[in-house]
Amino acid sequence: MISQHVRKTVLALLTLVALAAVAGCGGSSDTAGGSDVSGGGDAKTTLSLVAYSTPEVVYDEIIPAFQQTAAGKGVGFKTSYGASGDQSRAVEAGLRADVVTFSTEPDMTRLVDAGLVDQSWNTTPNRGLVTTSVVAFVVRKGNPKHIKTWNDLLRPGVKVLTPNPFSSGAAKWNLLAAYGQASHAGKDPQAGLDYVRKLIAHVPVQDKSGREALSDFTGGNGDVLLSYEYEATTAQKKGEDVDYVVPDDTIKINIDIAKTRAAPAAAQQFLDYVLSKPAQQRFADWGYRPVNAAVLAAAKARGLFPDPPGLFTIDQLGGWSKVNDQFFDVDRGSIAKLEEDAGVSTAK
Amino acid sequence: MSALAVTARSARRSHTGALGLGVATLYLSVIVLLPLSAVVARSLDGGLGAFWDAVSSRQAVAALRFTLLVSLATAAINVAGGTLIAWVLVRDRFPGKRIVNALIDLPFALPTIVAGLTLLTLYGPRSPLGIDIAYTQLAVLLALLFVTLPFVIRSVQPVLIELDREMEEAALSLGARNATIFRRIVLPNLVPAILSGAALAFARAVGEFGSIVLISGNIPFRTQVSSVYVFKLIESDAPVSAAAVSTVLLLVSLAVLLGIRALGHWGARHDR
Amino acid sequence: MTVDRRWQISLRVLALGYLALLLLVPVGLIFYRTFEHGVGAVWDSITTPAAIHAFQLTLEVTAIAVPLNTLFGIVMAMALARGEWRGKGLVNAVIDLPFAISPVVIGLSLILVYGTKGWLGGALANLGVQVIFSVPGIVLATIFVSLPFVVREVTPVLREIGDEQEQAAATLGAGGWTTFRRITLPSIRWGVAYGVVLSVARCIGEFGAVSVVSGKIAGQTETLTLLVEKRFGNFDLAGAYAASALLALIALATLLAMTAIKPRREEGDT
């Protein structure tokens, strides 16, 4: 004796299942009617791209374009996007990857140490970089609070969003930029740390990742968000009401790319394509600073990607391994200590 | 039917039974015990000293304290709210009661990430209700109240239904007031069920992740719960510390669950 | 006790108010936000290739996890309710653990066992089997979190009905399997059904543990819940809501099934 209720529910569920079955094969694209880059059954090679989260929109354009070229014909793609550290750890733990790209060098070094990426990955002409960017201030449209300089961030009542540096690569770049500009590119460490300490006091919440911090900001929280310049452009292209300011002193962000040791030949061809003009132009359109000199020059000629007068690099601060130990080591890092202290002083 | 044949059959049945139990226990071990023991083993990779350092760090202790406190608060509010709702559902009558009864199970069925997304929209900066409590301890409490709603209610309901009304009617006829009847007759019978439901709610709250991760802001020492702290440790390449804090969480959960079982036995004995 | 009218109304209002605030408003909001921009946009949103794949993957994983856990559940319930053996308390506690463990810990534990540097991962990789960052890993995580439901629903039923009928069948000459099939199984079918429904809901909704072990390979290891998270991070709020609404619909359908099955087990109407 099956009641009406149960009969109806079973019917509904069966319909769902039937729908799923006839909906055909799913694919990787998340736009209505979008193309499936996996290449289906007749792919002669499949490349696995494991990337950090933000350039998904760009690779969604680059990959199909690559598949139209002679080198890319018949190459299927499997893509995975997520937080840079997560992705790097996943590859170390067994996630298949042929081409990897991360937003901080330690995430790449992890794979070199694990023997998955060759040590020579950054000796290429582009030094292992696929794009660069700078740390910028993302503000509300029209910049109502007139936030232009690092000192503006410390004005009373200004709420700054930056993610947690222990789970987000983006946050490390942000804090390094903050430290670097106050310490004159590392020459005055105490001044740098003092600034960072004051800055942290203006941060109401530390999201897990750069993207989450951006979502948080566009969701209405905070007055200014520290982020990559291209995140602001991407948000604008996606219809968010934001503006951005590139401060005079800021750090140059390096985005790395490499192929893994076990990758097939097609991986190198994909890498070459990603560094070529058409692909680099797409990066530029989304706000990433291309490493291809010609594309960069053309963009600058159009007024994009201004050069901040006080631009400094991570090398000037000592390079990633030194910086990671000195600032971000969970037990001994100076910024780690600042974070903890800040927590104590605001706790009830 | 000869007694011998029956005995032989029961022997065969008990062999099959033993085999079934064996296979089931193997399944349980592979699925649950194996991975969890890997966590405990990993936590000891640095020796007991490193284990202790990891679980006694300021952030770990603060996270654990906040987790336990907010879970206790969740359990306490559920005791009051859950008992009230169970009472209304069993003893009251109103149109739409069956629908309301069904909806109680919604938090069981709804994915935690959807719950988290909704709570963020509802109580966050863009809230249509005009309240902004995102990234506060209150927000964490709200998320936990949502996911633990059914526990006490579903625990108390069956007991309330089974309750023998005769005692209450006898007390009434002897002149006792409602409040007294409730306090001295109804409540004592409900206590084991309430406690058991509250303990389940507590255990669930201690481990909750998906609904909190979006709305809590994870501010160390303020709104960071232990499960998110473990997540951060994994992200900071401190897997041994992550395993250590996880082991502590595991032990807390195990203790609570064993406690529930003990409560159940006490309740059963109490019945006589 | 008969509560006087005023108290009754106040209690009712209090209870319903609490429920409305905590339950109805949030869920109503999902549907409102989803359909804010019209049904067409929603349809597009849930029929993208990624969404279709996510839906299929979620169903596929559920279709593997639930039957396995149901089989386990029935066998274990029989052993717990009928048998006499040492270690019941411990087994009971272990069965309940998935209720209380944080999904992050679950994900971590699976990687520690099945990741390349894990206990079994290396050996499995040599055999060409990839567990973590592949569908089997997702299945394992889902089985873990939905393990207790069938056991917990069937055991009390078995205890309650006792085994007199089964013993009677035995004296009449019925074999073990026949007894099980014709007497035990029918008597527990509503407990099993309810447990299955709860398991299905849990499997479809799992997020935390799957998020750690799936590898998030677009079009391959992305479940519906992971899709919600991804869309939320890609400024596709409408898409995130659409996927959430789909999940909420499935949840409501599960609720309906639960309600339909429940009256056969217990109902309270005074």
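1. With which residue does E61(A) form a salt bridge? In this predicted model, where local features need pLDDT of at least 70, side-chain atom pairs count only at pLDDT 80 or more, and totals for chains, interfaces and linings use all residues, side-chain values use heavy atoms, with hydrogens and water left out. Residues are numbered from 1 along each chain as its sequence is written, while chains are lettered from A and ligands numbered from 1 in the order in which they are written.

2. The partner of E61(A) is R282(A), with the closest N and O atoms 3.5 Å apart; a salt bridge here is a side-chain nitrogen of Lys or Arg within 4 Å of a carboxyl oxygen of Asp or Glu. E61(A) lies in helix 2 (residues 56-68) of chain A and R282(A) in helix 11 (residues 277-285) of chain A, so the pair ties together parts that are 221 residues apart in sequence. Helices are DSSP runs (H or I, at least four residues), numbered from the N terminus. E61(A) is partly exposed, at a relative accessible area of 29%, and R282(A) is partly exposed as well, at 30%. For these terms, buried means under 20% relative accessible area, exposed over 50%, and partly exposed in between (1.4 Å probe, protein chains only).

3. Over all chains, the structure holds 24 salt bridges. Another of them joins R204(B) to E208(B), with the closest N and O atoms 2.9 Å apart, and both R204(B) and E208(B) are buried.

4. At the interface of chain C and chain B, 90 residues of chain C are in contact (heavy atoms within 4.5 Å) with 90 residues of chain B. The area buried between chain C and chain B is about 8,000 Å², of which carbon and sulfur atoms give 76%; buried area is the accessible area (1.4 Å probe) that two parts lose on being put together, summed over both. The count between these chains is one salt bridge, and the side chains of D92(B) and R12(C) meet in a salt bridge at 2.8 Å, N to O. Helix 1 (residues 5-35) of chain C gives the most to the side of chain C that touches chain B, with 18 residues.

Note on methods: Helix = DSSP H or I, 4+ residues; strand = E, 2+ residues; numbered from the N terminus.
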